[in-house]
Amino acid sequence: MSRLVLSRLHKAYAEMQVLKGIDLAVEQGEFVVFVGPSGCGKSTLLRIICGLDAATSGDIYISDQRVNDLPPVKRGIAMVFQSYALYPHMTVFENIAFPLRVEKLKEAEITRRVTDAARILQLDPRLQHKPGTLSGGQRQRVAIGRAIVRAPGIFLFDEPLSNLDASLRSDMRIELKRLHERLKATMIYVTHDQVEAMTMADRIVVMNAGRIEQVGAPLELYHRPANLFVAGFIGNPRMNFLSADCLESRPNATTVRCPMLGTVTLPITVPGSLAGQTVTIGLRPEHVRPGDGPCRLTLLPDVVERVGLHTIVHHVQNDSGALFSALFDGDAAASVGTPLAASFAADSVMLFDSQGIGHGA
């Protein structure tokens with residue numbers, strides 16, 4: 001296992017700044033997920049860590065050693081790509097053994113390592129098969145096995161499940177978590193899928209436009225997002241945002257008014273006075289309940305999605321035209337065009353100031 005430290009990393013291609021000062025420490029044995037929209041710089045950052053690309057400036061330390069000038073093979077890192085990159089003419093055994101043959105290890109050691117990796121990944125019966133006879137999930141496990149046999153200090157995963165169907169993605173998420181628990185290895189995983197991030201990570205690194213917006217445990221980011229971007233990115237369905245006027249701001253209470261919710265006093269303390277300013281209210285769909293409650297609103301469903309366990313109701317906000325979503329139980333009585341009474345608790349609401357900084361109860 002290895003500890004990774006990134007210090008003031010920048011990456012530019014000509015005039016385009018891709019990474020804008022990345023500072024991050026990944027502890028030994030952590031499972032850290034980089035998440036963010038396409039183009040935010042997460043895959044570029046992974047390539048720089050493993051040595052496939054060079055930073056414009058800044059430093060990379062692995063186990064307290066500066067590795068900026070070391071080639072990938074000397075960094076103690078193994079990378080699993082989105083593409084399986086298997087050799088179709090080789091057996092599973094030979095695909096997994098390939099990096100060990102490059103290192104010119106003895107045949108007995110190669111056999112031992114490949115057999116151990118195959119047992120961990122439940123590939124024992126497939127060692128003499130070729131990739132063309134395997135399912136997508138099995139092929140991905142072969143690619144992971146090729147990384148395991150190198151006994152790296154750090155595993156890097158670049159969207160390894162994106163080519164799999166929904167069922168296989170779910171199965172592989174569980175397998176990767178089991179693998180992490182078994183190996184106790186340091187793992188860094190890149191994805192644009194916030195569900196993968198929430199279900200797999202010890203800590204999530206949320207990236208946007210080449211910067212880190214927030215780092216924290218999954219539930220920390222869910223309950224206490226630092227800003228509007230993180231609040232909107234973490235959670236499915238995404239958080240509802242409503243523009244509101246701040247009427248009064250005092251210790252432990254902030255009163256706001258917006259067209260859809262009316263006047264609401266939130267148990268939130270904000271620094272300074274926001275009275276007279278326009279703010280943004282954040283309310284997660286799962287915090288809206290059908291029927292009466294502390295704070296009431298009326299939904300006029302425009303779209304109703306029945307997904308079995310849940311029913312998602314979408315209401316068009318008259319003031320902005322944006323969708324307001326509510327997540328109810330699967331058998332909730334809701335139909336398009338029929339007004340629906342709903343409610344929420346004031347302490348479930350977040351408030352974002354004019355700079356987009358989040359404040360919660």
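What follows describes ring pairs, their surroundings and the charges over them. This is a predicted model, in which local features need pLDDT of at least 70, side-chain atom pairs count only at pLDDT 80 or more, and totals for chains, interfaces and linings use all residues. Residues are numbered from 1 along each chain as its sequence is written, and side-chain values use heavy atoms, with hydrogens and water left out.

The structure holds six aromatic pairs, where rings of Phe, Tyr and Trp (its six-membered ring) pair if their centres lie within 6.5 Å, and planes under 30 degrees apart count as stacked, over 60 as edge-to-face and the rest as tilted. One of them joins F31 and Y189, whose ring centres are 6.0 Å apart and whose planes meet at 40°, so the pair is tilted. This pair links distant parts of the chain, since F31 belongs to strand β3 (residues 31-35) and Y189 to strand β8 (residues 186-191), 158 residues apart; strands here are DSSP E runs of at least two residues, and helices are H or I runs of at least four, numbered from the N terminus. Both F31 and Y189 are buried, which means under 20% relative accessible area, with exposed over 50% and partly exposed in between (1.4 Å probe, protein chains only). Ring pairs also link F31, F155, F157 and Y189 into a cluster.

In helix α8 (residues 228-233), F229 and F233 lie four residues apart, about one turn of the helix. Their ring centres are 5.8 Å apart and their planes are at 20°, so this pair is stacked. F229, at 23% relative accessibility, counts as partly exposed, whereas F233, at 18%, counts as buried.

Charges also sit over rings, a term that requires NZ of Lys or CZ of Arg within 6 Å of the ring centre and within 35 degrees of the ring normal. K177 lies over the face of F31, at 5.4 Å from the ring centre, and R284 lies over the face of Y222, at 4.3 Å from the ring centre.
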